[in-house]
Amino acid sequence: MSRNPRCRVAVVGATGVAGQQFLVSLDRNPWFEVVALAASERSAGKPYIDAITSPGGHVGWACEGEVPKAFAQVPVVDAVDLNLDGVDLVFSAVESDAARALEEKFAPRVPVVSTSSAFRYEDDVPVIVPGVNHDHAGIIKRQQKERGWKGFVTPIPNCTTTGLVVALAPLARTFGLRGVIVTSMQALSGAGRSPGVSAMDALDNIIPYIPKEEEKVQIEASKILGRLEGDQIVPLDIPVSATCTRVNVRDGHTLCVSASLGRPADLDEVKEALRNFGLQFVDLGLPSTPPEIIRVTEQPDRPQPRIDRLVNDGMTTVVGRIRADSVLENGVKWILLSHNTKLGAAKGAISVAEYLLHTGLV
Ligand SMILES: NC(=O)c1ccc[n+]([C@@H]2O[C@H](COP(=O)([O-])OP(=O)(O)OC[C@H]3O[C@@H](n4cnc5c(N)ncnc54)[C@H](OP(=O)(O)O)[C@@H]3O)[C@@H](O)[C@H]2O)c1
């Protein structure tokens with residue numbers, strides 16, 4: 001499937017950890033053409049490669065491989081001065097306070113797909129995970145009407161919520177869900193670069209607190225697993241108890257999840273529901289959708305970040321160690337891994353934009 005002409009996009013926050021992943025994924029994407037790179041005034045006016053290079057000469061590139069050649073010499077503009085003429089869509093990857101001001105400026109004119117939390121909790125804003133709740137895009141028209149915007153804002157979730165809901169969705173739909181307990185072991189890249197986590201704090205350590213993260217996971221999971229009724233999203237009414245930690249891993253969030261299901265289920269049924277999940281979405285054939293939304297591994301020592309994070313270029317959630325949880329009613333527990341800067345940020349956002357193009361919303 002190809003699109004001609006390609007959708008012209010600006011990447012805002014292009015110098016950051018998520019922004020860099022946008023460039024890697026967009027460099028190979030047949031549907032999008034990058035026409036502008038934007039960041040803060042710190043980077044403005046510099047060629048991209050200089051904007052990510054420290055005064056001491058270190059290139060702060062957080063992705064695998066080289067900086068894509070197509071972008072190295074592109075001048076970075078200050079996001080507040082971004083000219084939207086000739087831009088069909090903005091990918092926004094900046095911290096939430098700055099994102100709020102910028103996205104409010106862009107969305108009246110063009111669609112904005114955002115990795116930030118700025119708009120996630122507003123009633124008329126869907127938080128989309130492709131394959132899980134893409135039908136929530138149905139409320140975008142309401143957002144445009146109520147706000148008088150030609151464009152709109154569609155954020156993706158927090159990167160820890162993403163892997164969690166991918167595995168919960170098939171179980172909620174097949175067996176029902178009464179409650180969830182999750183403990184995350186989150187990668188360092190999830191903290192971004194500004195300020196990020198220092199090597200001295202991270203090395204040989206686990207940091208048992210990530211500000212605001214647990215609240216985000218709890219609220220976002222209920223919203224994403226909720227149902228669209230008319231032009232309202234009705235959150236799934238389940239308790240989600242989250243403990244979020246930062247560990248000494250570069251990329252890939254690992255989650256230990258225990259769920260109380262709505263009815264008893266044997267483990268083979270659970271695995272089948274997970275394996276079959278999202279196949280209709282896969283069949284749409286969108287460029288960034290992986291051939292499997294979930295991979296179930298039977299190996300007792302998997303998933304592991306170093307081995308499994310790049311399954312299907314970081315777009316597949318890998319679930320393993322599926323077993324009964326004898327403490328919870330109809331309890332089942334598992335360990336999952338999802339790539340925080342790919343599915344959980346840039347490529348996940350690109351996948352949302354592809355779906356919106358497919359449906360004609362962009
Ligand atoms: N990292 C992840 O795994 C991940 C996953 C999901 C969601 N997110 C979300 O994505 C967003 C970006 O995260 P990140 O990890 O990429 O952070 P980051 O590495 O700290 O990058 C921040 C980016 O925002 C730019 N920026 C900062 N202040 C700005 C301003 N006032 N105006 C315009 N641009 C500004 C920075 O530009 P300069 O370089 O010029 O300072 C940089 O490009 C955050 O909302 C985060 O919560 C991140």
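Start with Val 12. Beyond its neighbours within four places in sequence, Val 12 is in contact with Ala 38, Ala 79, Leu 82, Val 90, Phe 91, Ser 92, Ala 93, Val 94 and Leu 102. The model behind these contacts is predicted.

The largest nonpolar core has 98 residues. Val 12 is among those with the most contacts inside this core, together with Val 11, Ala 14, Ala 38, Val 165, Ala 167 and Leu 168. Helix H6, residues 159-175, gives the core its largest share, 10 residues. Domain 1 (7-156 + 346-359) and domain 2 (159-338) both contribute residues, so the core lies between them. In soluble globular proteins, nonpolar side chains tend to be buried together.

Now the ligand. The shell around the ligand holds 30 residues, and the closest are Gly 16, Ala 39, Ser 43, Ser 116 and Gly 192. Two helices, H1 (17-27) and H4 (96-106), each supply at least two residues of that shell. By class, the shell has 16 polar, 11 nonpolar and three charged residues. The ligand shell also draws on both domain 1 and domain 2, so it lies between them.

Step back to the whole chain. The protein chain contains 12 helices and 15 strands. Its C-alpha trace spans about 60 × 50 × 35 Å along the principal axes. For 362 residues, a compact globule would have a radius of gyration near 21 Å; the chain has 20 Å, which agrees. Of the 362 residues, 49% count as buried. Among contacts with a separation of 6 or more, 75% join residues 24 or more positions apart.

Notes:
Residues are numbered from 1 along each chain as its sequence is written. This is a predicted model: local features need pLDDT of at least 70, side-chain atom pairs count only at pLDDT 80 or more; totals for chains, interfaces and linings use all residues. A residue is near a molecule or strand if its C-beta atom, placed from the backbone, lies within 6 Å of it. Helices (H or I, at least four residues) and strands (E, at least two) are DSSP runs, numbered from the N terminus. Ala, Val, Leu, Ile, Met, Phe, Trp, Tyr, Cys and Pro count as nonpolar, Asp, Glu, Lys and Arg as charged, and the others, Gly among them, as polar. Domain bounds come from an automatic or database domain assignment. The radius of gyration is taken over C-alpha atoms; the globule rule is 2.2 Å times the number of residues to the power 0.38. A residue is buried if 20 or more other C-beta atoms lie within 10 Å of its own, exposed if 12 or fewer, and partly exposed in between; C-beta atoms are placed from the backbone. Two residues are in contact if their C-beta atoms, placed from the backbone, lie within 7 Å. A nonpolar core is a set of buried Ala, Val, Leu, Ile, Met, Phe, Trp, Tyr and Cys residues joined through C-beta atoms within 7 Å.
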